[in-house]
Amino acid sequence: MTASTRSSARSTVPRSNRWRRRAAFAVVVLCAVALTIGYGISLAHRSSPVAAQAASPRPIDLTSLLRTPVVVFRSSERGPSYGEVSVAKLNDLTAPRVVTNLQCDRVDMVATVGLCLAASPGIYTSYKAFTFSADMQVRHGFNIVGIPSRARLSPDGRLAAVTTFVSGHSYASAGFSTATTLYDVSAGREIGNLESFTVTRDGKEIHPTDANFWGVTFDHDDDRLYATLSTGGQTYLVVGSIRTRTLRTLTTNVECPSLSPDGTRIAFKKRAQGSLVQWRLTVLDLATMRETPLAETRSVDDQAAWFDQNTVAYGLPRTSDQDSVINDVWGVAADGSGTPRVLVAQAWSPAFVQTGISG
Amino acid sequence: MYSTLRDGPPPRPSEAASDQSRPARRPAGLAVAPVVLMLGLTSMLTDLSTEMVTAVLPLYLVLSLGFSPLQVGVVNGLYQGVTALVRLAGGVASDRFGRHRDVAAAGYALSVLSRFALLVPGGSAAVVSGSIVTDRVGKGIRTAPRDALLSLAATENGLGVAFGVHRAMDTFGAMLGPVAAFAVLSTVPGSYRLVFAVSACAGVVGLAVLVFFVDRSPAPEPAGRPGPSAPTGTAAPADMPAQPTMKMSLRDMMLAVTDRRLRRILVAGCVLALATIGDAFIYLRMQRTLEITPTMFPLLAAGTSGMYLLTSVPLGRLADRIGRARVFLGGFGALLGVYVTLLSPLRGMTALLCCLGFLGLYYAATDGVLSALTSAALPAGARTTGLALVQTGVSLGQLAASAAFGALWTVAGVETALTAAAVLLAVALAIAWSALRRTM
């Protein structure tokens, strides 16, 4: 097309029409900007009255509380305590909880040590993992990459496992991949990424490039671990040894395993058939390899924690919450019987320490 | 001066004459039609909107909703087929009804709607997946008619510059997205919904630019191709409606998009796409051999985009001067440069800069230039259909290549896979060169 055509095409639009278009454009822009600002102000206001309510913590002595059986979790209560590690008495879960000053997205704790994963969003979003002592003081930091997803300590607190999500960027539509790294807590060093372990499936060594690992759970011997491996569109339960850096597949369709305190059963989320985003909480007996679906029928996307030998605990978002930022910790019988009930309200990522925390 | 590709088959002597007269009227320069700038602004705001969401969505899903993002990632592969279909349907519809602007607007509107979906209370995986799919479908619909509008607004030997300017503005918006998103998050901490609202706002403004400042139907082709040739250089009378000269019968459209010149471009584009391994693998390989920590991943993408932004316009201009096919093939030469760098013993900063530089050049020399090359080979009445056809072919080719490369990497190891990709690309370049030779 020539330049003259274009100018003639432009001149077909009458002058008054052009001004009308500009005026209409200005109206649309002003409306859009005004609505966005209004929405922003309403969002800022909605959280403040609740914040004022929550800001009246009753003084409870943390040290004496920690000596009793406790649950340590991430608070999902709206207000200043949101996202902070909190502690509640196991014998009286409705009693006021104590809020620490640790801001974590995922937390785990055993009798001697705690593990916290946190993100600080920004143009250059950074992530960190650190252990903390029984008096809730930061001890040792580890560099982590990606968005914190799962944190697990070994029963004696000597080992730690961290799963993060590493997201692609705008050009790579490959989706997400996970990174699962093991740490030696007592030595304060990294043991390695599970992707560097040797994997055998049905007795044959495999080297998949699309391998993703997540959701580690440790046995009592500080060597054996269980985790989920995903490759070729299939998820596997793998069992492995840290000493020999090996993993082998046990069964399929097991995600986020969690070993029972006695080491005989695994609670996990099982993907529902024909669905991409529905998981059924299930318990696997390691001796018989028999699976028992639990009485929780809602989809659970969490790594479960064992409340005691007979009860499995897990987080669920509160559906009535408009912003879906509030989660509750629920519990259900591990033998498939009973009905689910809320164990800890407005909480996420629970760790039940029946012995109390001693340091 | 080297003659560039001309519109429509077959070239007529009268057009050649008009070609010579054009440089005098519009000296080669950076001046582009206002429509190009308006379309650029729309794309800039839309990409800003998209990248704002892309930057925070993983954080929102994992930290706020407590999801495993894998459940969202799964749907990624599903929409590719849908996108290919709607892209072609949208292309035929805009050509048939001469409504490029409206079809493009429908595509942009779908993306804006997908942002509003994220504002619905009680976000679930289904809503988020639906939003992503809607956004991608919208992108599939709008790309070809928008490129057709761009090409119809540009002078024939300013096509490369017009696409270059558009892609530079587009990339600038994409780079600004994450900055804007985290600026919002630092103002009201934890408020991902406000990020989505601001993103929707940017999308609405982008759509408004398109609707209010871009004419509904593109201006008529001056030479009246492919019908009986009108005297060249004569402008269409101002009071004459645009459509009659633009519209073609379905049969003529089919003939135009199966014409030998378009077939050659399609073959070249698809063969080269089949040797393109995808950025994800390039970054993964860089990470493993250049010992780059994944924390640097965003910087890799920013480096590539920066190079793309800087070289998009100059390479578009170069394409107009020395021939679009040459620059297009040169772009894949740069991609070959990436493969060779990854296979070479080069390590550290030098290797990193080489890779990012080559990758940015590859984008700048191929993305807009391919659309310019394709546009020049199509009559105005079949332009969107032809563009949609080539873009669909290329994206399906890339998808297949990415899957095949991943499989080969698994089976034979990364060195073998990369070597195979490099050899394949060299062969593809030879095939593409012989296909496009006559147009150079």
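Over all chains, the structure holds one disulfide, defined as a pair of cysteine sulfur atoms within 2.5 Å. The model is predicted: local features need pLDDT of at least 70 and side-chain atom pairs count only at pLDDT 80 or more, whereas totals for chains, interfaces and linings use all residues. Residues are numbered from 1 along each chain as its sequence is written, chains are lettered from A and ligands numbered from 1 in the order in which they are written, and side-chain values use heavy atoms, with hydrogens and water left out.

**The disulfide**
- C104(A) and C116(A) are joined with an S to S distance of 1.9 Å.
- The bridge is left-handed, because the torsion about the S-S bond of C104(A) and C116(A) is about -115°.
- C104(A) lies in the loop between β3 (98-103) and β4 (106-109) of chain A and C116(A) in strand β5 (residues 114-120) of chain A, so the pair ties together parts 12 residues apart in sequence.
- Both C104(A) and C116(A) are buried, that is, under 20% relative accessible area, with exposed meaning over 50% and partly exposed in between (1.4 Å probe, protein chains only).

**Other cysteines**
- C31(A) is partly exposed, at a relative accessible area of 43%.
- C354(B) is also partly exposed, at 28% relative accessible area.
- The closest cysteine sulfur to that of C354(B) belongs to C355(B) and is 7.0 Å away, too far for a bond.

**Chain A overall**
- Chain A has three helices and 26 strands, taken as DSSP runs numbered from the N terminus (helices H or I, at least four residues; strands E, at least two).
- Of its 359 residues, 52% count as buried.
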